[in-house]
Amino acid sequence: MKIKSLSRQQVRSIDQQAIEDYGMTGLVLMENAGRGAAEVIQQNAATGRVVILCGKGNNGGDGYVIARHLDLMERQVRVVSVVEIDSLSGDAAANAAIAQKAELDVQVATTAEAIKTHLSDADVIVDCLLGTGATGPLRGIYADAVKVANQIKATRIAIDVPTGMDVDSGEADPHTFQAELTITFVAKKTGFEFEGTQSLLGDIEVVPIGVPRKLLRPWALAD
Ligand SMILES: NC(=O)C1=CN([C@@H]2O[C@H](COP(=O)(O)OP(=O)(O)OC[C@H]3O[C@@H](n4cnc5c(N)ncnc54)[C@H](OP(=O)(O)O)[C@@H]3O)[C@@H](O)[C@H]2O)[C@@H](O)CC1
Ligand SMILES: [K+]
């Protein structure tokens, strides 16, 4: 089922309804999102070390799921969190704890220099810094992390939305993550339609996260 482009509010409401009205848990949605994204990464960037930049919200949570699935595919994978792990909450905290128990390579880097060190041997950089929860210009370490990531010669893949791009307007922070591929969940976002965004989004792949077709029907595109 093809879905029309959705605003921040629409896509977040779909997630919320799947959880509250259908009894799907956020962890299940995150697992589907992360697993689907890992498969697309494997199809598009099949070799080399993958370094996943993770922020404090659920976009970061997706990153820990992606890391676990890439590790299962026997990829070299490292997670670099730009916040302390004990500042995470909810589903992101749960998936970070699983990654740590599974002895995946999880590093914390809260300065631009430390982020640069952990990214220096990356062949693929995956942006799980901020997703649909982001508002306004990039603050603090997020701006530094994107700046460093954009300077490294690697394949860059954004998860859900390139960090720095506004989901609704497509407006881009000066330090927006420059993706070659954007893997986005449920549907494209309205901001992706605007002129000038294509050079930051790269190719776009939509990954379904298992929310029921009935819930998506109001947003379906006619065949
Ligand atoms: N919910 C679900 O069911 C599913 C969700 N999924 C995934 O979750 C993503 C949405 O996650 P989310 O809502 O946690 O928001 P997200 O973008 O990770 O972080 C927001 C945090 O960042 C901060 N912040 C905000 N703006 C900022 C700025 N300009 N500069 C710097 N910091 C800024 C702000 O923190 P504050 O600064 O307010 O303390 C806020 O707490 C979605 O895109 C998808 O990938 C999938 O797993 C599928 C199931
Ligand atoms: K992102």
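This report walks through a predicted model, from its sheet and helices to the surroundings of its ligand.

**The domain and its sheet**

Let's start with the overall layout. An unreviewed UniProt entry places the feature "domain: YjeF N-terminal" at residues 11-217. Over that stretch the chain is 40% helix and 16% strand, and the C-alpha atoms at its ends are 13 Å apart.

Seven strands form an open sheet with parallel pairing, in the order 3-2-1-4-5-6-7. Strand 3 (105-108) and strand 7 (203-207) are the edge strands, each pairing on one side only. On average, neighbouring strands of this sheet are turned by 20° against each other, direction ignored.

If you follow the sheet to strand 7, you will find strand 6 (residues 181-185) paired with strand 7 in the parallel sense over five bridges. Within this pairing, Ile-183 stands opposite Glu-205 in strand 7.

**Helices on the sheet and against each other**

Helix 2 lies across strand 1 (50-54), strand 4 (124-128), strand 5 (155-159), strand 6 and strand 7. Its direction is at about 145° to strand 7.

Another pair worth a look is helix 5 (residues 112-119) and helix 6 (residues 141-151), whose axes come within 9 Å and cross at roughly 35°. The crossing of helix 5 and helix 6 is right-handed. The table shows which residues each helix brings to this contact.

| Helix | Residues in the contact |
|---|---|
| Helix 5 | Ala-112, Ile-115, Lys-116 and Leu-119 |
| Helix 6 | Asp-144, Ala-145, Val-148 and Ala-149 |

By residue class, the contact of helix 5 with helix 6 divides into six nonpolar, no polar and two charged.

**Around ligand 1**

Ligand 1 is surrounded by 28 residues, and the closest are Gly-57, Asn-58, Asn-59, Gly-131 and Gly-133. The residues of this shell divide into 11 nonpolar, 12 polar and five charged.

Which helices each supply at least two residues of the shell around ligand 1? They are helix 2 (26-44) and helix 3 (58-72). Helix 3 gives the most to the shell, with five residues.

In the unreviewed UniProt entry, the annotation "binding site" covers Asn-59, Asp-127 and Thr-163. These residues are spread over 105 residues of sequence, yet they cluster in space, with a largest C-alpha distance of 10.0 Å.

Notes: Residues numbered from 1 in each chain as written. Chains lettered and ligands numbered in written order. Predicted model: local features only at pLDDT ≥ 70, side-chain atom pairs only at ≥ 80, totals over all residues. Near = placed C-beta within 6 Å. Helix = DSSP H or I, 4+ residues; strand = E, 2+ residues; numbered from the N terminus. Nonpolar A, V, L, I, M, F, W, Y, C, P; charged D, E, K, R; others polar. UniProt positions renumbered as here; feature names shortened; annotations may be inferred. Pairing = 2+ DSSP bridges. Axes fitted to C-alpha atoms, helices over the stretch in contact; angles between N-to-C directions. Contact = placed C-beta atoms within 7 Å. Left-handed = near helix turned anticlockwise from the far one by under 90°.
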